[in-house]
Amino acid sequence: MGTSKYDIEGLDLSDDHYTVEQNLVRNQYKALDDHGNTVLEGKQETFKLKEEFPFVDGNGETVFTINAQQIRDYEGQYVLTDARSGDDIVVLDHEYSLLEQITGATWTIRDAETDAELAEITSRKFVGLFRRGLLGNLIPHHYEITDADGGHVGSISGQLSMKDRYDVRIDDASTVPREPVVAAAMVIDAIEGN
């Protein structure tokens, strides 16, 4: 494990590829490594006033929580807090726009202390429009991950399946924390109601 200020105690997501799967019944997710081992699980707590997403590692140990900063709102900020240290690590920020269905949704990962942008996760343009048309959810989502300077970092690509399933690929994470990106794939899917 590294010593970055974005590392989460007890969690090591240093691989370049993970598969994120949604449970068929509710907004519950797991991230699998290339060997099919569960490395992270999270679920959306649906009966709370403010949305909450607790995450556990492959052994069931709580590693972090993502909490909404306001009462149920599609637009907003979600803070990732390390469960062991209690430190806020990053903020997942979404600003809703009426043009979002055409131009694509953008989620920003920011430093929780300085508010500096670390990465952006942006959906491919026009896909949201077609997904809500005649084809419904038959067209999988695709997101581009970029660093603060707009450089390519990786992608989150949906797969055709009965439940939401995403390939999370990190091509260059030299300046982007991996754990928040993998967690963001789960949280974005739940919040956008994919």
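This is a predicted model: local features need pLDDT of at least 70, side-chain atom pairs count only at pLDDT 80 or more; totals for chains, interfaces and linings use all residues.

Modeller: Residues are numbered from 1 along each chain as its sequence is written, and side-chain values use heavy atoms, with hydrogens and water left out.

Colleague: What percentage of the residues of the protein chain count as buried?

Modeller: The chain has 3 helices and 12 strands; helices (H or I, at least four residues) and strands (E, at least two) are DSSP runs, numbered from the N terminus. Buried means under 20% relative accessible area, exposed over 50%, and partly exposed in between, with a 1.4 Å probe and protein chains only. Of the 194 residues, the share that counts as buried is 46%.

Colleague: Are the rings of Phe55 and Phe64 stacked or edge-to-face?

Modeller: Rings of Phe, Tyr and Trp (its six-membered ring) pair if their centres lie within 6.5 Å; planes under 30 degrees apart count as stacked, over 60 as edge-to-face and the rest as tilted. The structure holds 2 aromatic pairs. In the pair of Phe55 and Phe64, the centres are 4.5 Å apart and the planes are at 20°, so the pair is stacked.

Colleague: With which side chain does the side chain of Thr19 make a polar contact?

Modeller: Thr19 lies in strand S1 (residues 17–22) and is buried, with a relative accessible area of 8%. Leaving aside neighbours within four places in sequence, Thr19 is in contact (heavy atoms within 4.5 Å) with residues including Lys30, Leu32 and Tyr166. A polar contact is a pair of N or O atoms within 3.5 Å; within protein, one must be able to donate a hydrogen and the other to accept it, and residues adjacent in sequence count only if both atoms are side-chain atoms. At 3.5 Å, the partner of the Thr19 side chain is the side chain of Asp167.

Colleague: Is Asp115 exposed or partly exposed?

Modeller: Asp115 lies in the loop between S8 and strand S9 (117–123). Its phi is near 70°, a positive value in a residue other than glycine. With a relative accessible area of 43%, Asp115 is partly exposed.

Colleague: Which helix supplies at least two residues of the lining of the second largest cavity?

Modeller: A cavity is a set of points, on a 1 Å grid over the protein atoms alone, where a 1.4 Å probe fits but cannot get out; lining residues have an atom within 4 Å of a point. Among the residues that line the second largest cavity are Tyr78, Leu80, Val91, Pro180 and Ala184. At least two lining residues each come from S6, strand S7 (88–94) and helix H3 (178–192). The helix asked for is H3.

Note on methods: On a 1 Å grid over the protein atoms alone, a cavity is a set of points where a 1.4 Å probe fits but cannot get out, and a pocket is an open set with protein on both sides within 12 Å along at least five of seven lines; lining residues have an atom within 4 Å of a point.
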